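Let's take a walk through this structure together, one stop at a time. Have the sequence and the 3D view open, and follow along as we go.

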Amino acid sequence: MFVAGRVAGLVTVLAAFAFVLLGLSFARKRPMRMRPIPGLLAVEEAVGRATEMGKPIFYSPGYADVAGTTAPPTLAGLNLLAHVGRLAARYNTRLVVTVGHANTYALATEILRNSYIVEGKVDQFDIGNIYFTSDVQFAYTAATVGLIQREKPATVFLTGYFAAEAIVLAEAAAATQSLSISGTTNYFQIPFFMAACDYTMIGEEFLAAGAFISNNPDLIGSVAGQDYVKILGILALLLGAVMKSFGNNVIFDLLKR
Amino acid sequence: MSADPVIWVSSILTIIGFSYLFKENELYRAVEHLYVGVAAGYTVVMGYTNVVNKVWGPLTKKGQYTVLIPAVLGFLLFMPYISKSLGWLRRLPVAVIVAIGAALSLRTAVVEQFIGQLRPAIIPLNSINNVIITLGTAVTLCYFIFTVKPNPVLKVGVEGGKWVIMVTLGAAFGAGIMGRISLLIGRLFLVFQDWIPLIKKV
Amino acid sequence: MKRILPVAISAVVGLILLVDYFLKVPALKQTATEIQDWGLIVAAFALALAAVNLLLIHGKRIAKKDRQSIHSFILIAALLVTTFSGIFIGTRSGVFDFIFRSVFTPLAAVFYAMTAFHLASASYRAFRAKNLQAVALLLAGVLLMLGRAPIGEVIWKGFPKIADWITNVVNLAGSRGILISTAVGTVGAGLRILAGIDRSHLGSGTE
Amino acid sequence: MKTLQKLGQIDSRVIYALLILALLIPLMRPLGLPISIGKHTQRTFGVLDTLQAGDKVIMDIGYSVSGAADVQPQTIAVLKHLFGKGVRIIFVGNQTEGPMVIESLVKPYEAAGKKYGVDFCNLGYLAGGENAIASYCRDLKKSYPVDFRKNQTSSLPILDGVNGAKDVKMFVFFTTQNSDMYVRQITQYKIPIVGGLINTISPQAEPYVNAGQLAGILVGLRGGAEYEMLMKAPGVGVASMDAQSMGHLLIIAFIIFANISYLATRRAGAKGDKGGAK
């Protein structure tokens, strides 16, 4: 019935499912709190800076699609865009966006229009500020860099899915002396963001930020559920190591099953 | 200089590509579009080959009619271009691909990455390096816990996690720079060895 | 129908593949293999999606006859020539090989290699140690670069050892932590999709 | 202070030119810096060296041509090793470019007498990413009914008795992507997996090597250079190493300079603020 070597995995999957459901039910009952994330806390400051300087805010969720493997970071980027859009509408600050993929473009326009509606400023919503470039990586990059150079924004958001172009965009942001907030799940690009941007959200930290800013209890609950699995992992790891130091292999062997 | 037309064309395209660094220009934009077109066409050819091998062949030569199911599903991907009211049918093949992807990565991520990486991290704490490896893994995990109420233990974990992650990202930073330099060296070989023989061949 | 059917398909497909992996059910083996194969075929069809999109967008641009239409013309011509030579003359033909080696390969490589230049100018202007953690990142990166390039060893024998320690000890711990955490994320996301909690991949519901 | 500020305003194009010179000069006039063999390369060589004449391996050419410069030298050196030993290689391609790259890689060997279908075969590209790997490892001939040269795979002698990854001695892949999907999908077949990686992703593969899930890795162009040394056949990899060194030194110099001027201006800025308050 069971496959040797996969039993521990099966138990983990079932536990994870239970934990996610548990997290969901908690999150649906009452709002959950999240550990403060500097990059997220800086969002208001960043928008305020643009308002004070009278310069635009630039936002890119990346060139990727909202379907497939690039979906989670792109969607997190769009969730954050909705929030930034509301702040921009509230403070009457221009928000310029570039999007690379047709599907993402459709969602981004829908989301931003909604942000302006919520703030009661639908008349100020200008679809011309959302640029659809190309889903070809470097064509998108060239267009985005050109826009950053022309607009000289006070604040640059590079929050979504980014690959090799990350360094090019981050450098363009630094060259215009703008405050930059970045976030992606692509680990190979995070160091470049980290070195060149003012704030960087790292991997899952960015996904969690996107979930919390969306106010969607299903997403938040699932973050909580995953936290429980991680805690379980940490406990198994530490306990196992301590026991192994004293020659006891119980936990180590359990994980072999 | 080389007499090979492949070397000539690729070197000239390379130089036009690099001309962007000097100034964005019309030629650069032209080769950019050329690239997008060729890449998309190339991908279509590969997809076509797959479909011929996996659908047309089995259907006509072996009479395997079951391959029609995925073929129809594949066709439905293009529904939004054909009919507005039936565009939603695109969701069916998308549901299939996404579910396969999710299930395949879920089932092996838990065994090979979650359990498979927890187990080798359980090592006797008998050397400084072993302690760093085990504790480092634990605090890195702490950094990615977001919803648990802050307590002193978790705070120490998160703070420690930050440092381990920074050094880890530093390693990725160095490796990333190395890789980019290699790629540029590759282009220099093309232009200054294969095309204009400035670099001696080994 | 529009909502439930795709979710039901995802759930059934997912369940079959999960059960097939975790439990010994010989009856499912063939079905699971078949489903995976179907996925390959659908994915092959999906490869043409980008081309169709490009043809539509750039076809419209050519019809508009604006300044950019020459670029769109180049794009469509390149797309069609490549496609036809690959399909009708053959992938092992001289024409297709020429396009691949003299146009596709160098252009793919040049766009990627260009990031090396941006990296150089970023290291000159943008990579700044804004806080102690950024110092740790930059320092680890520089030490790794010195340890991995032959010249580092010539300057000081210790550099490769430090680079090894960074990668094999600290990076091992950090990468492992990230890996485990990402695995949990993958499991969570997978479960959400298969259980129909997360339907974002099916679109926003307006189609 | 002023010179520092002026230096900070150098045109980007000057920086680009410096980078080209730093790489081009050592390529034209090699310094011949010694290249020591790292433990990853040594270990990987040892693993691949256990293969005997007639053994079959699956080799996934999973790199894109955009990143080929970092990975291809390794591939060439490993092919020299394996073909030289008489190992039989089943090629597959996980990126669309794969099959065309494979054809160019095998060309010299085919000219030298290696027989298609017996000593090697090119199964081509299979769409689907991770699912493609999972599928062909599970059922090779179902996933690939026809190879890239339009032969029925059931007619290829090299595939006699090979139904999946469990029937070969080893799995070797070269990639510009992540190694995650290979580890996830192939570890279950209990055969050694060897990965040739682009530099960028190599630190993340370290836990897999430590856990034994990857039997060995080769890292970027340097890995290729080291393998060339072990094969006593210096090629592009070895020829690039001096340039690689100079490139690193230049970038490090840039980073150090940038941070000195950053610290200096920040300190000057802090003083200036105080002055302003008075």
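Start in chain D, at helix α10(D), where the buried residues are G220(D), L221(D), R222(D), G223(D), G224(D), A225(D), E226(D), Y227(D), E228(D) and M229(D). Here "buried" means that 20 or more other C-beta atoms lie within 10 Å of a residue's own, while 12 or fewer makes it exposed and anything in between partly exposed, with the C-beta atoms placed from the backbone. The helix spans residues 220-230 and is mostly covered, with 10 of its 11 residues buried. Helices like this one are DSSP runs of H or I with at least four residues, strands are runs of E with at least two, and both are numbered from the N terminus. After α10(D) comes K232(D), which has a positive phi near 55°.

Before going on, a word on how to read all this. This is a predicted model, so to speak of a local feature here takes a pLDDT of at least 70, and side-chain atom pairs count only at pLDDT 80 or more, whereas totals for chains, interfaces and linings use all residues. Residues are numbered from 1 along each chain as its sequence is written, and chains are lettered from A and ligands numbered from 1 in the order in which they are written.

How confident is the predictor? For the complex it gives an ipTM of 0.93 and a pTM of 0.94. Residue by residue, the score to look at is pLDDT, the predictor's confidence in each residue, from 0 to 100. Chain B averages 94, and 100% of its residues score at least 70. Within chain B, the mean is lowest in α4(B), at 89, and highest in α6(B), at 97. Chain C has a mean of 92, with 98% of its residues at 70 or more. Chain D comes in at a mean of 93, with 94% of its residues reaching 70 or more. One stretch to treat with care is residues 272-278 of chain D, where pLDDT stays under 50 and the model has 0 contacts beyond four places in sequence.

Now look at where chains B and C meet. Here 100 residues of chain B are in contact with 100 residues of chain C, a contact being two residues whose C-beta atoms, placed from the backbone, lie within 7 Å. On the chain B side, α2(B) gives the most, with 24 residues. By class, that side divides into 70 nonpolar, 23 polar and 7 charged residues. For this count, Ala, Val, Leu, Ile, Met, Phe, Trp, Tyr, Cys and Pro are nonpolar, Asp, Glu, Lys and Arg are charged, and the others, Gly among them, are polar.

Chain B also touches chain D. The axes of α7(B) and helix α2 (residues 12-28) of chain D come within 10 Å and cross at roughly 55°. Those axes are lines fitted to C-alpha atoms, for helices over the stretch in contact, and the angles run from 0 to 180 degrees between N-to-C directions. The two helices are therefore oblique to each other; under 35 degrees would count as roughly parallel, over 145 as roughly antiparallel, 65 to 115 as roughly perpendicular, and the rest is oblique. Which residues meet there? L184(B), I185(B), L188(B) and F192(B) in α7(B) meet L23(D), L24(D) and L27(D) in α2(D). By class, this contact has 7 nonpolar residues, no polar and no charged ones.

Chain A has a helix pair of its own. Helix α1 (residues 7-29) of chain A packs with helix α9 (residues 217-245) of chain A at an angle of about 135°, with the axes 7 Å apart. That makes α1(A) oblique to α9(A). Their contact has 13 nonpolar, 4 polar and 2 charged residues.

Finally, visit two loops of chain A. K152(A) has a positive phi near 40°, though it is a residue other than glycine, and is found in the loop between α5 (137-151) and β4 (155-161) of chain A. Is K152(A) buried or partly exposed? With 14 C-beta neighbours inside 10 Å, K152(A) counts as partly exposed. Q177(A), not a glycine either, has a positive phi of about 60° and sits in the loop between α6 (166-175) and β5 (179-184) of chain A. Q177(A) is exposed, with 9 other C-beta atoms within 10 Å.
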